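Here are my notes for you to read with the model open beside them. Take the points one by one and find each spot as you go.

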Amino acid sequence: MGRGMISQIPSMNGMKVVATSDLQIDNVARAYELAGVPPEEVVTADTLEKAERAVKENKSVAMTDSGLLCQVDGIDVIVDATEVPEVGTSVALGAIEHKKHIVMLNVEADITVGVYLNSLAEEQGVVYTGSAGDEPGAIMELYDFADALGFEVVGLGKGKNNPLNTGATPDSVAEAARKKKSNPKMIASFQDGTKTMVEMNAAANATGFLPDKPGMHGFKAGVKELPDIFRLESEGGQVRNHKIVDFVQGIAPGVFAIISSEKEEVNEEMKYLSMGEGPNYVLYRPYHLTSLETPLSVAKAYLHNTPTSAPYKGMIAETATVAKVDLKAGDSLDTIGGYTIYGRIYDYEEAKSMNALPIGLVSNKLMLKNDVKKGEAITYSDVDHDDSSLIWNLRKKQDAMLER
């Protein structure tokens with residue numbers, strides 16, 4: 001994701017990647033090389049003074065310390081593209097503290113402590129935002145369009161391009177990962193549904209929409225079937241409520257909004273425009289260009305001081321940690337896309353009543369105190385709290401803020 005964005009930005013007017021941080025400095029050098037930046041224009045910096053001098057000389061900076069990068073004068077907007085909740089939280093906090101806008105290509109961190117980070121950004125007068133091109137950002141474009149026009153938005157969702165397999169592991173997806181030249185853990189997080197749950201969690205927190213049931217429905221359908229599916233069960237549809245988030249197998253990689261109107265003349269015009277017979281209609285975007293669209297959020301934050309998406313509504317949903325296999329007391333957990341856990345979305349209040357452990361707090365430092373069966377949600381009581389973790393500590397602050 002980071003490499004793609006770094007390659008895309010030189011094709012745009014008025015924007016430059018002035019500094020990039022990665023634990024492996026060779027990754028930064030390779031990203032600049034692929035973007036067409038001449039090696040002599042890249043400066044490796046391990047001090048703030050050296051980095052800022054290079055920026056002033058219009059060079060591209062390579063760094064290993066993201067905390068130092070957040071301090072560099074001459075940077076207006078920072079993007080986190082790590083997808084690691086702990087790292088993303090650290091980068092976001094560093095950016096905000098140094099009064100820089102922050103774009104999160106890290107939905108896992110956003111659904112865990114985004115409410116707190118967004119509040120902190122508002123206090124500092126900077127923008128905290130999700131990214132255009134990521135599914136929640138693409139969904140928000142449809143939502144904002146429909147909402148501005150005065151339509152009732154009935155449902156929001158995304159396509160899933162593989163069958164839900166909650167038992168997927170890096171081993172089981174190894175061949176698929178090899179073909180896609182991707183990290184097996186990332187592919188496993190797609191297949192086991194965690195990534196889908198996390199993305200729709202972010203959409204829920206931005207709009208106030210809820211999952212219709214834990215884990216959502218995950219209908220199998222084509223685009224034309226969606227308006228009828230998202231009618232209430234009492235009206236011949238397949239959902240219990242309106243204003244819900246869900247995913248659909250069969251329309252990937254698109255995102256959609258189901259809209260409706262009670263106005264007779266509006267419905268007549270929608271029919272004339274070949275949008276269907278109503279009362280529901282589907283707005284469908286058949287693509288999302290992930291980090292290639294991220295620069296649009298960078299520009300929107302800097303030029304208009306406006307987020308693409310953010311947890312405007314607070315904690316509406318929660319993605320709880322669920323045991324992928326039978327686990328025993330003394331077992332260590334791993335991370336998203338691993339062998340021991342996956343995520344399932346809940347109404348936030350339901351997850352809170354369950355004392356469910358948010359998926360963004362999981363790390364391989366956590367050890368179980370109790371047995372947990374396959375398919376059961378892991379609770380805070382089942383693990384020792386990781387007091388050394390930044391994201392754990394910010395989550396405590398967020399919980400306290402929400403209780404006020």
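1. A term to start with: a crossing of two helices is left-handed if the near helix is turned anticlockwise from the far one by less than a right angle, and right-handed if clockwise. Helices (H or I, at least four residues) and strands (E, at least two) are DSSP runs, numbered from the N terminus. By that rule, helix 6 passes helix 10 in a left-handed crossing.

2. Some ground rules. This is a predicted model, where local features need pLDDT of at least 70 and side-chain atom pairs count only at pLDDT 80 or more, while totals for chains, interfaces and linings use all residues. Residues are numbered from 1 along each chain as its sequence is written, and side-chain values use heavy atoms, with hydrogens and water left out.

3. Back to that first pair. The axes of helix 6 (residues 107-124) and helix 10 (residues 194-207) come within 9 Å and cross at roughly 45 degrees. Axes here are lines fitted to C-alpha atoms, for helices over the stretch in contact, and angles run from 0 to 180 degrees between N-to-C directions. Angles under 35 degrees count as roughly parallel, over 145 as roughly antiparallel, 65 to 115 as roughly perpendicular and the rest as oblique. Helix 6 and helix 10 are therefore oblique to each other.

4. Who touches whom? Contact means heavy atoms within 4.5 Å. On the helix 6 side you'll find Val107, Glu108, Asp110 and Ile111, which meet Lys195, Val198, Glu199, Asn201, Ala202 and Asn205 in helix 10. Sorted by class, this contact has four nonpolar, two polar and four charged residues. (Ala, Val, Leu, Ile, Met, Phe, Trp, Tyr, Cys and Pro count as nonpolar, Asp, Glu, Lys and Arg as charged, and the others, Gly among them, as polar.)

5. Helix 6 has another partner to look at. Its axis and that of helix 15 come within 9 Å and cross at roughly 65 degrees, so helix 6 is roughly perpendicular to helix 15. This crossing is left-handed too. The contact of helix 6 with helix 15 has nine nonpolar, four polar and two charged residues.

6. On a 1 Å grid over the protein atoms alone, a cavity is a set of points where a 1.4 Å probe fits but cannot get out, and a pocket is an open set with protein on both sides within 12 Å along at least five of seven lines; lining residues have an atom within 4 Å of a point. Grid points are joined across faces, edges and corners, and a volume is the space filled by probe spheres set on the points.

7. The largest cavity has a volume of about 110 Å³. Of its 15 lining residues, Asp110, Gly130, Pro136, Ala202 and Ser309 are the closest to its centre. Helix 10 gives the most to this lining, with three residues.

8. The second largest pocket has a volume of about 230 Å³. Its lining holds 14 residues, with Tyr348, Asn355, Tyr380, Arg395 and Asp399 nearest the centre. Helix 15 gives the most here, with five residues.

9. Last, some backbone details. A cis peptide bond joins Ala252 and Pro253, with omega about 10 degrees, and Pro253 lies in the loop between strand 10 (244-249) and strand 11 (255-260). The bond from Gly278 to Pro279 is also cis, with omega near 0 degrees. Lys243 has a positive phi of about 60 degrees although it is not a glycine.
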